[in-house]
Amino acid sequence: MFSATIRRYAAPGFWSKTTQEFQRAAKFTMNLEGLTITTIPQPILDFEDPHTATWMKIMTDQTVGGFSEAKITQHEADEETSTPAHIRFHGNISTKLPHDRPDVMKTGYAAFRNQDRGRTLFGELFWSVEPYSYLALRVKSDGRKYFVNIQTDSIVESDIHQHRLLTKNHKGAVSPSSPPQWETVLIRLHDFVRTNQGFIAEPQSEMLRQKVKSFGIGLIDRQPGPFDLSISAMWVTNLNERGQIDGRTGWEEGDQGSPRLGDVTVDKLRRKAEERRNTAGTQEAIKRDTMNEYDKRKRGETMT
């Protein structure tokens with residue numbers, strides 16, 4: 001009826017995505033971002049926008065007859081408790097095997113990832129995280145064994161790059177009754193391991209950072225029972241946990257674990273710049289006062 005090209009051009013969001021991709025590429029070129037190390041983080045998934053949650057795809061062992069359950073629910077920000085807008089990835093893991101599927105030997109997993117980003121006039125839409133060193137996540141965890149998953153447009157479509165989501169302030173971290181706390185987790189992109197069907201793939205190869213298709217989180221510890229993980233945002237950055245670029249000192253602006261990306265790129269940068277100006281002005285005043293005092297003492301010694 002209609003050619004594939006016409007159907008593609010008429011797809012919802014095609015032209016808006018094309019415009020956004022053109023603006024992103026133009027900004028990258030004009031700012032010479034490929035020639036310098038940027039301190040501005042790049043948003044990946046920001047769950048303050050309720051639409052982001054609807055864009056997630058949930059996967060469980062129910063696809064092979066299992067009984068694990070998972071869902072994503074959206075939660076608004078709460079200023080009184082300093083809780084950011086976020087999603088909850090929660091449910092129940094079951095390792096019960098289906099009676100009518102003798103070929104299924106194990107169950108007990110749940111995961112989610114973003115759906116495909118669609119196409120533009122320039123082709124399929126990917127994330128490019130090549131200029132960045134870290135993937136950052138703002139989370140509140142129950143302490144179970146979650147993995148962060150990144151899928152790229154690699155030759156082997158089933159390849160997934162994985163890394164354990166290691167948290168310090170999860171439920172029970174301090175004592176058996178201690179509640180979970182919000183925290184920012186930084187993972188080096190270089191430390192992700194290429195896997196296939198749940199096993200480490202050999203030989204290992206570098207992640208294709210120019211063409212990232214999806215980001216997601218999975219629970220594969222196969223421990224029966226409930227799970228609950230809250231996620232506020234994912235982004236990529238070059239700044240480590242000290243707010244510095246690795247191998248450098250003196251970098252204080254930028255991403256320092258803020259739950260809101262807008263604070264990082266606008267408010268926090270402005271405040272840091274103002275603090276530096278005030279500090280520089282104070283130091284200059286102290287220097288002038290010191291020199292004046294020294295001159296006074298020197299003139300007094302000369303007169304005597």
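Two strands pair if DSSP finds at least two bridges between them, and helices (H or I, at least four residues) and strands (E, at least two) are DSSP runs, numbered from the N terminus. On that basis, an open sheet of 7 strands with antiparallel pairing has the order 2-5-14-9-10-12-13; its edge strands, each pairing on one side only, are strand 2 (56-60) and strand 13 (199-200). The model is a predicted one, in which local features need pLDDT of at least 70 and side-chain atom pairs count only at pLDDT 80 or more, while totals for chains, interfaces and linings use all residues. Residues are numbered from 1 along each chain as its sequence is written, and side-chain values use heavy atoms, with hydrogens and water left out.

**Confidence and overall make-up**

- The average pLDDT (the predictor's confidence in each residue, from 0 to 100) is 80 for the protein chain, and 68% of the residues score at least 70.
- Over residues 1-12 the pLDDT is below 50, and this stretch has 6 contacts in the model (heavy atoms within 4.5 Å) beyond near neighbours in sequence.
- Residues 251-266 also have a pLDDT under 50, and for them the model has 50 contacts beyond four places in sequence.
- Where pLDDT is low, the predicted coordinates should not be read in detail.
- The protein chain contains 4 helices and 15 strands, and of its 304 residues 38% are buried, where buried means under 20% relative accessible area, exposed over 50% and partly exposed in between (1.4 Å probe, protein chains only).
- Among the contacts in the protein chain with a separation of 6 or more, 69% are between residues 24 or more positions apart.
- The protein chain exposes about 18400 Å², of which carbon and sulfur atoms supply 53%; accessible areas come from the Shrake-Rupley method with a 1.4 Å probe, and for residues only the protein chains shown count as cover.

**The end of the open sheet**

- Strand 12 (residues 193-196) pairs with strand 13 in the antiparallel sense over 2 bridges, and Thr195 stands opposite Ile200 in strand 13.

**Strand 15 and its partners**

- Strand 15 is mostly covered, since 11 of its 13 residues are buried.
- Strand 1 (residues 42-46) pairs with strand 15 in the antiparallel sense over 4 bridges, with Gln42 opposite Val236.
- Strand 4 is joined to strand 15 by 7 bridges, again in the antiparallel sense, and the bridge partner of Gly91 in strand 15 is Phe227.
- Strand 8 and strand 15 run antiparallel and are joined by 8 bridges, with Arg138 standing opposite Ala233 in strand 15.
- Thr237 has its place in strand 15 and is buried, with a relative accessible area of 0%.
- Thr237 and Tyr134 are 103 residues apart in sequence, yet 5.3 Å apart in space, C-alpha to C-alpha.
- A polar atom of the Thr237 side chain lies 3.1 Å from the backbone nitrogen of Leu239.

**Aromatic pairs**

- Rings of Phe, Tyr and Trp (its six-membered ring) pair if their centres lie within 6.5 Å; planes under 30 degrees apart count as stacked, over 60 as edge-to-face and the rest as tilted.
- A search of the whole structure finds 4 aromatic pairs; one of them is the tilted pair of Phe89 and Phe227, at 5.1 Å centre to centre with 55 degrees between the planes.
- This pair links distant parts of the chain, with Phe89 in strand 4 (residues 86-93) and Phe227 in strand 15 (residues 225-237), 138 residues apart.
- Phe89 is buried at a relative accessible area of 0%, and Phe227 counts as buried at 3% relative accessibility.
- Trp127 and Phe215 form an edge-to-face pair, at 5.2 Å centre to centre with 70 degrees between the planes.
- Trp127 lies in the loop between strand 7 (123-124) and strand 8 (134-141) and Phe215 in strand 14 (residues 212-219), so this pair ties together parts that are 88 residues apart in sequence.
- Trp127 counts as buried at 5% relative accessibility, as does Phe215 at 0%, and one aromatic cluster is formed by Trp55, Trp127 and Phe215.

**Thr52 in helix 3**

- Thr52 lies in helix 3 (residues 50-54) and is buried, with a relative accessible area of 9%.
- The side chain of Thr52 reaches the backbone oxygen of Asp46 at 2.9 Å.
- Not counting residues up to four places away in sequence, Thr52 touches Leu45, Asp46 and Phe47.

Terms used
A polar contact is a pair of N or O atoms within 3.5 Å; within protein, one must be able to donate a hydrogen and the other to accept it, and residues adjacent in sequence count only if both atoms are side-chain atoms.
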